Amino acid sequence: MKHRPLPFVILGILHLIEPLLKIAYFKATTHFPILSIIENISHLNTSRAVFEFWFLFPIGGIALLGVKKWSYPIFVSVQLYSIYSHLSYEAFTWPYASSSPQWPSLIILACNVAIIVYFLLPEIRKPFFNRADRWWEHRERYTIRIPCSYSLATDNTLKDAEILNISHSGAFITLPEGADICGQKMIINITFISDNICLNAKIISQHEFDDEKGFGIAFEYENIWEKLYMRKIINMISRAAKKHHIQQLSA
């Protein structure tokens, strides 16, 4: 599985641990012991103060690591709110306007502005709104022959078939059926080495692969446990691919 862009990962992690970084900064710049600092933080007296200290930046980190349509406005909003929070802090406003902001605050403000500008760039925005640009979500598809059995929703008869390639999201399978089964539901039973899984699936296309006619099917997972167990099987196939040089395709 390919990974998210490194700047997304680094920024996301920094946002997640931002409350801990603030505590470390307080400890490094004051004479108070760590327990006293934590005790003082636990006595934050408004819900806004609690939100800003513990949750604001971690929410931005979760959004950034998610890289979905909803992530972008949430992440940018976190940066804008942080800028507003700093600029509206009483030491920066009337009647305290003569007070000079401390350098950590200026650095945070500069970072917020730089992050917003960076994420306004078209190439950086694309993965949030176009799934095709999220290369790390593309599943590896393995060319491997795996005997299986299946039954159509319209016919409970159990029949034998063969998988020609497979990924976590679906497979290409040879079926002794006609073209009119596209769109039908099925139950497929897959066994690889000592692991077996029975899944619901939908037949979505008819085409050829390696000069053999067959059908493309999409797995329809009913719960997280089916997804995790299938991931285990795919990982076994992946290890077998590296060992026996099974062909890998881009799903």
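1. Buried here means a relative accessible area under 20%. By that cut-off, 38% of the 251 residues in the protein are buried. Keep in mind that this is a predicted model. For a quick overview, the secondary structure amounts to 8 helices and 7 strands. As for the contacts between residues at least 6 apart in sequence, 60% of them link residues at least 24 apart.

2. Start with the largest nonpolar core, which has 32 residues. Which members touch the most others? Those are I166, I188, F219 and M230. Two or more residues each come from strand 1 (140-152), strand 2 (155-166), strand 3 (170-174), strand 4 (185-192), strand 5 (195-209), strand 6 (212-220) and helix 8 (224-244). Helix 8 gives the largest share of this core, with 7 residues. As background, nonpolar side chains tend to be buried together in soluble globular proteins.

3. M230 deserves a click in the viewer. Setting aside residues up to four places away in sequence, M230 touches I166, S167, H168, I190, I197, L199, F219 and Y221. Another core lies apart from the largest one and has 12 residues, including F8, L11, F75 and F128.

4. Next, a helix pair. Helix 1 (residues 6-16) packs against helix 4 (residues 47-66) at an angle of about 155°, and their axes are 7 Å apart. An angle over 145 degrees counts as roughly antiparallel, so helix 1 and helix 4 are roughly antiparallel to each other. Their crossing is left-handed.

5. Who makes that contact? On the helix 1 side the residues are F8, V9, L11, G12, H15 and L16, while helix 4 brings F57, P58, G60, G61, I62, L64 and L65. Sorted by type, the residues in this contact of helix 1 with helix 4 are 9 nonpolar, 4 polar and no charged.

6. Two residues with positive phi are worth a look. V67 is not a glycine, yet its phi is positive, at about 50°. V67 sits in the loop between helix 4 and helix 5. Is V67 buried or exposed? Its relative accessibility is 0%, so V67 counts as buried.

7. The other one is D210, also a residue other than glycine, with a positive phi near 50°. D210 belongs to the loop between strand 5 and strand 6. Exposed means over 50% relative accessible area, and D210, at 52% relative accessibility, therefore counts as exposed.

8. G216 is in strand 6. With 8% relative accessibility, G216 counts as buried. How far apart are G216 and F172 in sequence and in space? They are 44 residues apart in sequence, but 4.5 Å apart in space, C-alpha to C-alpha. Leaving out neighbours within four places in sequence, G216 is in contact with A171, F172, K202, I203, I204, S205 and H207.

9. Last stop: S85, which is in helix 5 (residues 71-87). Its relative accessible area is 18%, so S85 is buried. Once neighbours within four places in sequence are ignored, S85 is in contact with R48 and E52.

Definitions and conventions
Residues numbered from 1 in each chain as written. Predicted model: local features only at pLDDT ≥ 70, side-chain atom pairs only at ≥ 80, totals over all residues. Heavy atoms only, no water. Core = buried A, V, L, I, M, F, W, Y, C linked by side-chain atoms within 4.5 Å. Buried < 20%, exposed > 50% of the residue type's maximum accessible area, 1.4 Å probe, protein only. Helix = DSSP H or I, 4+ residues; strand = E, 2+ residues; numbered from the N terminus. Contact = heavy atoms within 4.5 Å. Axes fitted to C-alpha atoms, helices over the stretch in contact; angles between N-to-C directions. Parallel < 35°, antiparallel > 145°, perpendicular 65-115°, else oblique. Left-handed = near helix turned anticlockwise from the far one by under 90°. Nonpolar A, V, L, I, M, F, W, Y, C, P; charged D, E, K, R; others polar.
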